[in-house]
Amino acid sequence: MNAFIAIVHRDLLLVMRRKSEVLTALFFFVIVTSLFPLGIGADAALLRKIAPGVIWVAALLSTLLGLQRMFAADYADGTLEQLVLSPNAFTALVFGKIVAHWLVCGLPLVLLAPVIGIQFDLDAQSLKVLMAALLLGTPVLSLLGSVGAALTLGVRGGSVLMSLLILPLYIPVLIFGAGAVYASSVGLDITGHFSLLGALLILALAFVPWVSASAVKIAIE
Amino acid sequence: MSNVNNLSSGQVTNWFKFSSPSAFYPLAGKMIPWFWTLTIIFGAAGLWVSFFVAPVDAVQGQGYRIIFVHVPVSWMSMFIYVVMAIWAGLGLIFNTRLSAMMAQALAPIGAWMAFLSLWTGAFWGKPMWGAWWVWDARLTSELILLFLYLGFIALQASIDNVRRADKAGAILALVGVVNVPIIYFSVKWWNTLHQGASVSLTKAPAMAQTMLWGMLLMALCLWMYSIAVGLMRVRAIILEREAHTDWVRQLNEVKQ
C-alpha cells in the first residue's frame, strides 16, 4: 500500500516538474473540440446533437497523448526494471502508475468538460450527465491504455502503433459514455448506460493492472 | 511399475513431439496436399450446390447467391480469431515456440477473411439495400474485428525480438478475445439506440434446405483452405526462424 502511494506521489511529482507535457494534452482536448463548430458551422441544434460524440472522441484522443509517458521514461532509464525487482507486488506499482495517469490526464478532462459543453450549448442536466459519464469512463481509458503502453514499450513507432491497438478497445466506453449524454438530452432513461460504464470500470479494475504488469515484464525480460 | 511409467511417458512424448518445429515441419508438409484436396472437393461441391441446386430467392433473385461466400467467410473471420487467441494463450502458458508461430500464421488469414466478409457484404448490400455500407451492428463489429487483426499483425511486425513479439502479441490477442463480445454487444445496443430499424439482418426468412447445404459445404471448403494455408504459412515461419539450425540446412528444399 505504501509502495502504491509512493508511486502515485512520485509520478505526480514528476508531472509537476514538467508541466508542459500534461498541459499539451489538455490544450489538445480544448482545441480539437473547438475546431468542430468551426468546421461544421455554429448551428446550435446541430452542435447540441454532436456534442457528446465530439467531446468523448476528443477525450479518447487526448488520453492517448499522455499514455506514451506512462512507462516510456522509466523504461528508458532502467527505473522500471528496478520496480520489477522490488519486493513489492509489481501489479500494485503498475496500478499506481495508472492512477497517476488518470489523475493527470483523466480528471482534468472531467473538470474541463462543462466548459466545452457550454460551447456546444448543452443544458445543465446534460452537463451533469457528461461529467458523471466522464468520471466513470476516463479511468477505463487509462486502464485499457496502460496495456497498449506496456505492449509497445521501446518499439519503433510505438505511439502510432499504440493508438492502433487501443482505439478499437475504447469503443464500448465511447458508445456508452456518449450514449448517456445523448439519452439524457432526449429525455431517455440513463441508468442503463451508467450501469454498463460501471461494469466496464469494475471489469477493467479487476483484470487490467495484472495484464499490464505481465506486459511490462515481457517488455523488460 | 517402471515399465508402465515408461509406456505412458512414451505415449505422451509421442504426441508432444510435434510441438517441436523440427518434428512438425515434415508432418505439416505431408498434411498440406490432403487439405488442399479437401478444399477443392468441398469447394466444387459447395459451388455446384450454390449455383445450380439452390433455388432462386423469392425476394432477392440471383443476387443473393453471394451469401454462399459471404456467410462462410464471416464465420471463419470470427472463428480464426478465437483459434488464434487459443494458440497464443497456449504459447504464453507452455512457452512453446510452435504455438506462437501458429498464431502468427493465422492472423493474416483471419484478417483476409474479415476483409472478404466486408467486401462481399458491400457487394451484396448495394443491390439489396441500395448502400455499400450501413452502420449495422454486424458490419460495424466485423470492421472492428479487422482492426483487431491489423493491430495484432502490426504489433508482431514492429517488435524485432521474436520471443517478445510472440508474447506481446499473445497478450493482445487474449485481451482482444475478451473484448470482442463486449464490443459486439455495445455496438448492437448503440445501433438500436441511434437508428431505427432501417435494415434488419436478424429476421432472416426461413431458408431452403439446399441453401443451408451450400453454405455448410462452402464453410467446410474455407475451413480446409484456412488449415492448408495456415500450415503453409507456419512452415515458412519455421524455416525463417529456425534458419540457423542444422536440421533446416539439411532439408532438400533448402539445399537446392
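A crossing of two helices is left-handed if the near helix is turned anticlockwise from the far one by less than a right angle, and right-handed if clockwise. The model is predicted, so that local features need pLDDT of at least 70 and side-chain atom pairs count only at pLDDT 80 or more, while totals for chains, interfaces and linings use all residues. Residues are numbered from 1 along each chain as its sequence is written, with chains lettered from A and ligands numbered from 1 in the order in which they are written.

**Exercise 1.** Describe how α4(B) and α7(B) cross.

Solution. Begin with the axes (lines fitted to C-alpha atoms over the stretch in contact, with angles from 0 to 180 degrees between N-to-C directions): those of α4(B), residues 97–129, and α7(B), residues 209–241, come within 9 Å and cross at roughly 130 degrees. That makes α4(B) oblique to α7(B), oblique being what remains once angles under 35 degrees (roughly parallel), over 145 (roughly antiparallel) and 65 to 115 (roughly perpendicular) are set aside. The crossing of α4(B) and α7(B) is right-handed.

**Exercise 2.** Identify which elements build the side of chain B that touches chain A.

Solution. Counting contacts (C-beta atoms, placed from the backbone, within 7 Å), chain B contributes 22 residues and chain A 20 residues. The elements of chain B giving two or more residues to its side are α5 (137–158) and α6 (162–194), and the largest share, 13 residues, comes from α6(B).

**Exercise 3.** List the contacts of M84(B).

Solution. Leaving aside neighbours within four places in sequence, M84(B) is in contact with A103(B), L106(B), A107(B), G110(B) and A173(B).

Methods:
Helix = DSSP H or I, 4+ residues; strand = E, 2+ residues; numbered from the N terminus. Contact = placed C-beta atoms within 7 Å.
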